[in-house]
Amino acid sequence: MTFQDIFKSSFLENISSVTILDMVLALALAFGIGMFIFLIYKKTFSGVMYSSTFGVTLVALTMISTLVILAVTSNVVLSLGMVGALSIVRFRTAIKEPLDIAFLFWSIAVGIVLAAGMIPLAVFGSAVIGIVLLVFANKKSHLNPYIVVIRCENHDSEIKAMEFLKKQAGRCVLKSKTVQKGFVELNAEIRMKEDNTDFINILSEMSGVNSAVLVSYNGDYMG
């Protein structure tokens, strides 16, 4: 039997098509779980600029994945054509937040699992993943790292400023130091003990300190 004979056989005629009820149920569940993923994304977002279009993309991606897998599982010929069509797709949008990749894979995985008919796995798995993300990703704001930029007049004022900063912060690490005639600039990464930034006001008013700036730091380099 040749490869052509396989496609001429009655094998393709025995493949059961997807019913209207299956399609409606799968897409409705995909929309519901997609909205759940969208809400978890909003609750756990900690980046610089929130994008609502990315949240809508998560919902659409869940439904599209379900639609594609339903089509693939219902027809062998269509599955071969779908593999060829998807092989030419290229995504060139840069992912700025590492956690966004997890949400994209989550949406795709839920769509695949729903289309495969494993509804309890999709619902229970999404609930567990959502709880884990809420616990680990939704930290208090003062626990996030901050960068303090201090401009001092001389070496003595530099020592006083760093000693004061180490007492006020839970963790203080000097990242860079720039020395020029007339001033010394310090960049230090800190973890605050509580959600209170009044110590920056006191630091800026210290003798020998020209300015003190507190900047939220997400791990990226600022150019």
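## Briefing on helix packing and aromatic contacts

Leaving aside its neighbours within four places in sequence, S211 is in contact with V149, I150 and R151 (contact means heavy atoms within 4.5 Å). This is a predicted model, in which local features need pLDDT of at least 70, side-chain atom pairs count only at pLDDT 80 or more, and totals for chains, interfaces and linings use all residues. Residues are numbered from 1 along each chain as its sequence is written, and side-chain values use heavy atoms, with hydrogens and water left out.

**Overall make-up**

- The protein chain contains 8 helices and 4 strands (DSSP runs numbered from the N terminus, helices being H or I of at least four residues and strands E of at least two).
- Along the sequence, these elements follow the pattern α-α-α-α-α-α-β-α-β-β-α-β.
- The protein chain has 223 residues, of which 30% count as buried (buried means under 20% relative accessible area, exposed over 50%, and partly exposed in between, with a 1.4 Å probe and protein chains only).
- Among contacts in the protein chain with a separation of 6 or more, 70% are between residues 24 or more positions apart.

**Helices α2 and α5**

- The axes of α2 and α5 come within 10 Å and cross at roughly 165° (axes are lines fitted to C-alpha atoms, for helices over the stretch in contact, and angles run from 0 to 180 degrees between N-to-C directions).
- The two helices α2 and α5 are therefore roughly antiparallel to each other (angles under 35 degrees count as roughly parallel, over 145 as roughly antiparallel, 65 to 115 as roughly perpendicular and the rest as oblique).
- The crossing of α2 past α5 is right-handed (the near helix is turned clockwise from the far one by less than a right angle, whereas anticlockwise is left-handed).
- On the α2 side, A26, L29, A30, I33, F36, I37, I40, Y41 and T44 meet L99, D100, F103, W106, S107, V110 and L114 in α5.

**Helix α6 and its partners**

- Helix α6 covers residues 119-137, and its axis comes within 10 Å of that of α2, crossing at roughly 5°.
- That angle makes α2 roughly parallel to α6.
- Residues of α2 that meet α6 include L25, L29, I33, F36 and I40, while their counterparts in α6 include I119, A122, V123, S126 and A127.
- The axes of α5 and α6 come within 9 Å and cross at roughly 165°, so α5 and α6 are roughly antiparallel to each other.
- Here α5 passes α6 in a left-handed crossing.
- The contact involves L99, F103, W106, V110, V113 and L114 of α5, together with I119, L121, A122, S126, I129, G130, L133 and A137 of α6.

**Aromatic residues**

- There are 5 aromatic pairs in the structure (rings of Phe, Tyr and Trp, the last by its six-membered ring, pair if their centres lie within 6.5 Å; planes under 30 degrees apart count as stacked, over 60 as edge-to-face and the rest as tilted).
- The rings of Y41 and F103 have centres 5.3 Å apart and planes at 80°, so this pair is edge-to-face.
- Y41 belongs to helix α2 (residues 20-44) and F103 to helix α5 (residues 98-115), so the pair ties together parts that are 62 residues apart in sequence.
- Y41 and F103 are both buried.
- One aromatic cluster is formed by F36, Y41, F45, F54, F103 and W106.
- Elsewhere, the charged end of R151 sits over the ring of F183, 4.7 Å from its centre (NZ of Lys or CZ of Arg must be within 6 Å of the ring centre and within 35 degrees of the ring normal).

- S107 is part of helix α5 and counts as buried, at 0% relative accessibility.
- Apart from neighbours within four places in sequence, S107 is in contact with I37, L58, L61, T62 and S65.
- T66 is located in helix α3 (residues 52-74) and is buried, with a relative accessible area of 0%.
- T66 lies 36 residues from A30 in sequence, and their C-alpha atoms are 6.9 Å apart in space.
- With neighbours within four places in sequence left aside, T66 is in contact with A26, L27, A30, G111, L114 and A115.

**Strand residue S211**

- S211 is in strand β4 (residues 209-216) and is partly exposed, with a relative accessible area of 27%.
- Between S211 and N201, which are 10 residues apart along the chain, the C-alpha separation is 9.4 Å.
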